[in-house]
Amino acid sequence: MSANPLSNETEIYDRLKKNLKKIKDPVLKEILDDCWELIDHHIGNSVYKMQLNLGSHVTGDKPEDVPAEHGKRLLVNCDDIRTFLIKLKDATKNRKD
Amino acid sequence: MSDQIGKGLKILILDDDKDICSFSKEYFERRGFDVQTTLTGKSAINLTKKTKPDIALLDIHLAQAGMTGIDVLKSIREIHPDCYCIMVTRDDQKSIEAEAKELGASDYLTKINTAKNLDKVISKAVKKIRKGGK
């Protein structure tokens with residue numbers, strides 16, 4: 001189950017798509033490419049690990065309980081995602097300084 | 001997917017992330033495969049020469065300078081052409097996927113969509129191998 005969408009989420013996606021087409025500045029394009037490279041690498045790897053970790057136990061013909069040790073490793077992966085998102089936000093948010 | 005779908009088959013996992021190797025090993029051992037994992041392209045090539053895996057799951061983007069999963073694919077195609085090579089890509093690597101296809105990759109897996117696709121991709125590989133194709 002995914003997170004509840006924001007009340008204006010559809011508008012945000014529409015605005016992103018619309019505004020993206022207007023971007024001509026190469027620096028901005030490079031910033032977006034860099035962000036996506038980081039997102040794909042960090043989120044991709046963390047999600048991959050979580051899927052393999054859980055998939056070992058809960059998929060297949062004979063699903064079994066997930067051992068506590070694997071649950072702990074899942075939390076580490078969640079924390080990796082959180083740490084990455086904080087770093088990305090810190091690197092990309094608008095600053096006056 | 002049958003729990004022992006991989007019985008009698010050898011799979012080689014190449015990924016430069018230790019956790020991914022460890023989770024992959026468990027994932028495939030539970031499905032009956034004989035699993036070898038490695039963190040480097042050079043070692044993947046050596047293991048291929050020695051053990052002739054039926055399937056190789058190759059991460060395209062390796063941190064190790066000078067060698068990518070594509071380079072490993074090229075070598076495997078020369079030393080063990082029958083190996084079923086599955087390339088693991090990031091979502092933004094469509095152009096590299098095309099290159100891998102030209103070089104003889106058997107299939108692809110995108111890291112972010114693994115849950116939906118891994119069992120499907122592996123079932124397809126096993127069916128082809130058991131029928132005698134790569």
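In this predicted model, Ile13(B) stands opposite Leu57(B), a residue of β3(B). The two strands concerned are β1 (residues 10-14) and β3 (residues 55-59) of chain B, which run parallel and are joined by four bridges; strands count as paired if DSSP finds at least two bridges between them. Helices (H or I, at least four residues) and strands (E, at least two) are DSSP runs, numbered from the N terminus.

**The sheet of chain B**
- Five strands of chain B form an open sheet with parallel pairing, in the order β2-β1-β3-β4-β5.
- Because β2 (34-38) and β5 (107-110) of chain B stand at the edges with a single partner strand each, one side of each has no neighbour in the sheet.
- Strands of a sheet pair through backbone hydrogen bonds, either parallel or antiparallel.

**Order of elements and burial**
- Chain B has five helices and five strands, and from the N terminus on its elements run β-α-β-α-β-α-β-α-β-α.
- Of the 134 residues of chain B, 43% count as buried, a term for residues with 20 or more other C-beta atoms within 10 Å of their own, the C-beta atoms being placed from the backbone.

**Confidence and conventions**
- The predictor gives the complex an ipTM of 0.79 and a pTM of 0.83.
- Residues are numbered from 1 along each chain as its sequence is written, while chains are lettered from A and ligands numbered from 1 in the order in which they are written.

Notes
This is a predicted model: local features need pLDDT of at least 70, side-chain atom pairs count only at pLDDT 80 or more; totals for chains, interfaces and linings use all residues. A residue is buried if 20 or more other C-beta atoms lie within 10 Å of its own, exposed if 12 or fewer, and partly exposed in between; C-beta atoms are placed from the backbone.
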